[in-house]
Amino acid sequence: MPPQVAYKPSHKVDFVIVGSGSAGGVLAKELSTAGFSVVVLEQGPYIPPSSFGHDEIAQSQEHALTNKPDLSPQTFRKTPQDKAQKQFSAIYGRCVGGGSVHFTANYWRFHEIDFIERSHRGPVAGTAFADWPITYTDMEPYYTKVEWEVGVSGLAGASPFDPYRSKPYPIPPLPVKSSGVIFERAAWKMGWHPFPAPMAILSQPYRGRAGCIYCGRCLGFGCEVGAKSSSLASMIPLAQQTGRCEIRTESYAFKVETDHHGRATGVAYFDRQRRQHFQKARAVILSANGAETPRLLLLSASSRFPDGLANSSGFVGKYLMVNGFSTVLATFDEPLNEYKGAAVGRVLHDFYEIDPKLGFYGGGGLDARFGQTPMGYAVNSVPTEVPRWGTAYKRWLAESFSHSMFVSSHATSLPVEANSFSLDPDLKDAWGLPALCMTYKDHPDDLKTVKYLQDRALELLAVSRASKVWVRPIREQTHAVHLLGTCRMGNDPKLSVVNADHRTHDVPNLFLCDGSSFVTSGRGQPTMTIQALAFRAADRIGAAARRGEV
Amino acid sequence: MTSEPGNEPDRRRFLLSSLSGAGTAWITLNWPAVMAAAEHAAQAAKAAVPPQLEALTAEQAAAVEAIAARIIPTDDSPGAREAGVIYFIDRALTTFATESLADYQKGLPVFEAKTRELFPSVQRFSEAAPEQQDAVLKALDEQPFFELVRSHTVMGFLSDPMRGGNRDGVGWKLIGFDSSPAFTPPFGYYDRDYRGWQPPPKQEGKT
């Protein structure tokens, strides 16, 4: 761990932030730079970037960077009427830097429409489809800030569907891969508009950090040279250098305490030895992700807040959205070697808003990608038509791994009340606390949307030189990595958990900022927007603190 | 296809060529750290594991190895047997997959019983002919235990050799995976002649 200040838990700091990931890292850096004292409680360890390796077993079987099934088991059910069964469904980062350490780093901005869809499209039955209390205009300066401060590679103006931007990208796009060239040429033939994927990966050295070495280990792995713009590489070091921010690792927050005025007084947590501590603070910010932020609020129930903290609306944990996904695998005659370089190369947004006349709501992006490592590909990517063992399987492995790519869709999820994170009534985690329960069943429109996008992917591949195309059947989702909407933002305290400044409606010095703040899901790739929200929240919260309003 | 780690001149040339202008000053300052990081995985891969059994008995190991050898058979190229998948699996059962040991202890007798049921003259699965073994697998390949062995076999064939399988990178060689710690574009056949992103061709696209 780099040198940093150390506070005693009894020292009342200005802010205690739970979580050091995409949002927590930005808030820690911004608030400490602005002069505030900050303690960040991170559930996971600090892993020095120089120790990140390429071992698939550590990453996928030992959960080196993510939440661990043995410590933090989970349950899943499709509907609230079902009995939840033990199943590990929600994956998130569990180390300094959070999910940004192992993510793919897709960083397109949300478009204007993402914030005002309800007004434009009207209601959607069975959902709480709503506008955000902020618009793209409010967000634009902060998207720019993410691109320049965190470090995003891209080409401004390449997509005719892109929203307004005040500045170009700070660095050019990553070099194209074969998948990107194939995708781009086929898309032009279709009359569509492919563009270089905006990625939070440095295409060249930037602000003292190294450029990408194209090792191909982005999705699921930490970046050993720091070219991936994780919070760990980009924000945390700056926060520590202020001398006002302590990242306290292996510190598992389990309760936000409140006083008799209903104000937050700090956060109770377990240290590495499972001893309890209480970090005092003037204000509390939860950036623990869309699963753990609502869980922590529910765990913080008290006689004053019997249904969980900040939950007078009853919306804490509800309206979970995970983004729709569908994919097509395509094989070519010549080698693509897609295991090299960043996972995603080209994107198109021609179907960002699918024609409402088709009878369902939705939209999304298509991209050219691989993001596969040998073991993961061989275990999980076998098309249904291919035998799963024996000579034919071995031949498929030998012929397809280096010759294949995916065209994938990333799409809307509608906010449905029954889709949620809650506390499991029976199962406990290793600390004896109620385990996370996920309830999820895709809205019918979400499934129609990803099917529509998969059909476009097939059209695109039909005009490419693919020798064989394998469709992955669309199924209802039972796992989640995008954890969105579970403490939604809004102006009405009856219909939302936080206001437009991320302040909870119920507790004046408690703020929530992460994927849980989303009102609608966007079209996938939420981390860019999570970080833009965090930069904006830091401005708003810092200003309020200086006015004595925190 | 698999290149040896430690190919110093190539990586050095690549890293230098990827930098320009201000970047050159940066690399001068940070060169040792970048190289150390890029080579970390390659160094780890050299830590080979001596082949010995800790979780499985010799008899169990013979059965598991025989199953693995039908999942990824040996033909004109090495299969699970030559990759030492059995040593990967045995080690997995004492490390990240300890809870699966009970599944092996329960599942292997089912394979033996099915073998004797289908081929009464054969005493053990590992002693059956390959065609007979395939028949047993076909009868059981919808079972969760088979899926477990299949996953472990594939993992052992293709994971980093430091985990005990994928000896000499035979799995990686089969699928055309180069385990070098860094690469330089072009990466594949179709991006060789790419001239950079250009605005849309003249015909106006439909939106």
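This is a predicted model: local features need pLDDT of at least 70, side-chain atom pairs count only at pLDDT 80 or more; totals for chains, interfaces and linings use all residues.
Me: How much of chain B counts as buried?

Reply: 38% of its 207 residues. As for contacts in chain B between residues at least 6 apart in sequence, 65% of them join residues at least 24 apart.

Me: How do α5(B) and α6(B) cross?

Reply: Helix α5 (residues 101-118) and helix α6 (residues 130-140) of chain B have axes that come within 10 Å and cross at roughly 120°. The crossing of α5(B) over α6(B) is right-handed.

Me: Which residues make that contact?

Reply: From α5(B) you get Val110(B), Phe111(B), Lys114(B), Thr115(B) and Leu118(B), and from α6(B) Ala135(B), Val136(B), Ala139(B) and Leu140(B). By type, the residues of this α5(B)-α6(B) contact are seven nonpolar, one polar and one charged.

Me: OK, on to where the chains meet. How many residues of chain A are in contact with chain B?

Reply: 53 residues of chain A, in contact with 53 residues of chain B. On the chain A side, helices α2 (56-61), α6 (178-190), α10 (374-380) and α11 (391-400) each supply at least two residues. The residues on that side of chain A divide into 28 nonpolar, 15 polar and ten charged.

Me: Staying in chain A, how do α1(A) and α13(A) sit, roughly parallel or roughly antiparallel?

Reply: The axes of α1 (residues 22-33) and α13 (residues 527-546) of chain A come within 8 Å and cross at roughly 30°. That makes α1(A) roughly parallel to α13(A), because angles under 35 degrees count as roughly parallel. Their crossing is right-handed.

Me: Which residues meet there?

Reply: On the α1(A) side, Ser22(A), Ala23(A), Val26(A), Leu27(A), Glu30(A) and Leu31(A). They meet residues of α13(A) including Ile530(A), Leu533(A), Phe535(A) and Gly542(A). The residues of the α1(A)-α13(A) contact divide into ten nonpolar, four polar and one charged.

Me: Switching to sheets. What is the strand order in the open sheet of four strands?

Reply: β4-β3-β15-β14 in chain A, with mixed pairing. β4 and β14 (420-428) of chain A are the edge strands, each pairing on one side only.

Me: What does β3(A) pair with, and which way do the strands run?

Reply: β3(A) runs parallel to β15 (residues 434-439) of chain A, with four bridges joining the two. β3(A) is also joined by two bridges to β4 (residues 85-86) of chain A, and that pair runs antiparallel. Phe76(A) has Met438(A) as its bridge partner in β15(A), and Phe76(A) also stands opposite Gln85(A) in β4(A). Arg77(A) is across from Thr439(A) in β15(A).

Me: Are the faces of β3(A) covered, or exposed?

Reply: Both faces of β3(A) (residues 74-77) are covered. Gln74(A) and Phe76(A) on one side, and Thr75(A) and Arg77(A) on the other, are all buried. In a regular strand, side chains alternate between the two faces of the sheet.

Me: Which helix lies across β14 and β15 of chain A?

Reply: α9 (residues 292-299) of chain A, running at about 60° to β14(A).

Me: And what about the sheet of six strands, what order does it have?

Reply: β5-β11-β12-β13-β10-β16 in chain A, an open sheet with antiparallel pairing. Its edge strands are β5 (194-196) and β16 (468-471). On average, neighbouring strands are turned by 25° against each other, direction ignored.

Me: How many bridges link β10 and β13 of chain A?

Reply: Eight, between β10 (residues 324-331) and β13 (residues 404-411) in the antiparallel sense. Ala330(A) stands opposite Met405(A) of β13(A). Helix α12 (residues 444-462) of chain A lies across β10, β12 (364-369), β13 and β16, running at about 20° to β10(A).

Me: Last one: is Val347(A) buried or exposed?

Reply: Val347(A) is buried, with 27 other C-beta atoms within 10 Å, because 20 or more is the cut-off. Val347(A) belongs to strand β11 (residues 344-348) of chain A. Leaving out residues up to four places away in sequence, Val347(A) touches Trp108(A), Phe195(A), Ala197(A), Gly365(A) and Asp367(A).

Notes
Residues are numbered from 1 along each chain as its sequence is written. Chains are lettered from A and ligands numbered from 1 in the order in which they are written. A residue is buried if 20 or more other C-beta atoms lie within 10 Å of its own, exposed if 12 or fewer, and partly exposed in between; C-beta atoms are placed from the backbone. Two strands pair if DSSP finds at least two bridges between them. Two residues are in contact if their C-beta atoms, placed from the backbone, lie within 7 Å. Axes are lines fitted to C-alpha atoms, for helices over the stretch in contact, and angles run from 0 to 180 degrees between N-to-C directions. Angles under 35 degrees count as roughly parallel, over 145 as roughly antiparallel, 65 to 115 as roughly perpendicular and the rest as oblique. A crossing is left-handed if the near helix is turned anticlockwise from the far one by less than a right angle, and right-handed if clockwise. Ala, Val, Leu, Ile, Met, Phe, Trp, Tyr, Cys and Pro count as nonpolar, Asp, Glu, Lys and Arg as charged, and the others, Gly among them, as polar.
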